[in-house]
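Reader: I have a model open here and would like to go through it with you. Could we start with the overall fold and then move to the details?

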Amino acid sequence: MTGARELARLIVPVCCPGCGRDDVRWCDECEAPWWEDPYRSEENAPRLHRLGEVPIAVWSIAELEGSPQLMIEAWKDSQRRDLDSFFKEAMARAAGSVAAEITTAKRIAVIALPARRSSTRRRGVDLPAMLATACAQRWRAAGSDAVAVPALTMRRAESRGLSARERWRGAQQSMRLSRPVDGTRAVVLVDDVMTTGATLAAARDRLEAAGAVVCAGLTLATAPMRGKSPSVGLGWESEADELSDTFDGRGGD
Ligand SMILES: [Zn+2]
């Protein structure tokens, strides 16, 4: 260990965010799940589904529980900015793994679900946008004309004093299209976490109302189906923990 690293360790003790093991940024066991091939996760997202419609295909790398969940939480909530490059690489790898399916569309717009501005300010980085950029780069490398387009933003919403349902509705309405969408590009939605799918569904609604065609989604992690009900959100819908205080069950970001 270099002197500088040793000094840094004395100042800020480092440990694996997945299991708490000391003196490693992350351990091999907790890293391993993030290099698995992504799985189809849309069936675990009840709010993604609309009656009479085929849900979009969504891939996720890990289930949001245990060590993967702790790693995501450390990344999103605890200023573990050293995990930015970790998750960016994991997402790029996953994007490569599904490139054969995604790049059947030659022209792709990769659109990140919007992060709450206060979260981005606190972190100094827009996490979903970072993931979207990684995906677009990977699909360009696979021969597609893929661009990351920051088309969605989150409007500040006052949620105090509202019921869970009102807050949820407010969150749905707070997602805004910030630029025109190019209807000739197939849209792939990218986010860090999917719980119920409500945020992806809201993004799809916004974009399709503007003439876009949303084809697929890709997230780092998806909450397992267990305990979910179509009528009650789990409360941790991505930076839609943006929407965090807008869903039942989980407090603010
Ligand atoms: Zn670990």
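Reader: How many helices and strands are there in the protein?

Author: This is a predicted model, and the protein in it has 9 helices together with 8 strands. Of its 253 residues, buried ones make up 49%, and the exposed surface comes to about 11500 Å², with carbon and sulfur atoms supplying 53% of that area.

Reader: What share of the contacts between residues at least 6 apart in sequence join residues at least 24 apart?

Author: That share is 75%.

Reader: And the sheet, in what order do the strands run?

Author: An open sheet is formed by 6 strands in the order 1-2-8-7-3-4, and their pairing is mixed. Strand 1 and strand 4, the latter covering 145–148, stand at the edges with a single partner strand each, which means that one side of each has no neighbour in the sheet.

Reader: Which sense does the pairing of strand 3 and strand 4 take, parallel or antiparallel?

Author: Strand 3, residues 107–112, pairs with strand 4 in the parallel sense, over 4 bridges. To place this on your screen, look for Val 110, which stands opposite Ala 148 of strand 4.

Reader: Changing topic, how many aromatic pairs does a search of the whole structure find?

Author: The search finds 5 aromatic pairs. One of them is Trp 34 with Phe 87, an edge-to-face pair with the centres 5.0 Å apart and 85 degrees between the planes. This pair links distant parts of the chain, since Trp 34 lies in the loop between helix 2 (28–31) and strand 1 (39–40), while Phe 87 belongs to helix 4 (residues 83–97), 53 residues away.

Reader: Are those two buried or exposed?

Author: Trp 34 counts as buried because its relative accessibility is 0%, and Phe 87 is likewise buried at 0%.

Reader: What about the rings of Trp 35 and Phe 86, how are they arranged?

Author: Their centres are 6.0 Å apart and their planes meet at 65 degrees, so the pair of Trp 35 and Phe 86 is edge-to-face. It also links distant parts of the chain, with Trp 35 in the loop between helix 2 and strand 1 and Phe 86 in helix 4, 51 residues apart. Trp 35 is partly exposed at 27% relative accessibility, whereas Phe 86 is buried, with a relative accessible area of 3%.

Reader: Which residues form the aromatic cluster?

Author: One cluster is formed by Trp 26, Trp 34, Trp 35, Trp 75, Phe 86 and Phe 87.

Reader: Last topic, the cysteines: how many disulfides does the structure hold?

Author: The structure holds 0 disulfides.

Technical notes: Residues are numbered from 1 along each chain as its sequence is written. This is a predicted model: local features need pLDDT of at least 70, side-chain atom pairs count only at pLDDT 80 or more; totals for chains, interfaces and linings use all residues. Side-chain values use heavy atoms; hydrogens and water are left out. A disulfide is a pair of cysteine sulfur atoms within 2.5 Å. Rings of Phe, Tyr and Trp (its six-membered ring) pair if their centres lie within 6.5 Å; planes under 30 degrees apart count as stacked, over 60 as edge-to-face and the rest as tilted. Helices (H or I, at least four residues) and strands (E, at least two) are DSSP runs, numbered from the N terminus. Buried means under 20% relative accessible area, exposed over 50%, partly exposed in between (1.4 Å probe, protein chains only). Contact means heavy atoms within 4.5 Å. Accessible areas come from the Shrake-Rupley method with a 1.4 Å probe; for residues, only the protein chains shown count as cover. Two strands pair if DSSP finds at least two bridges between them.
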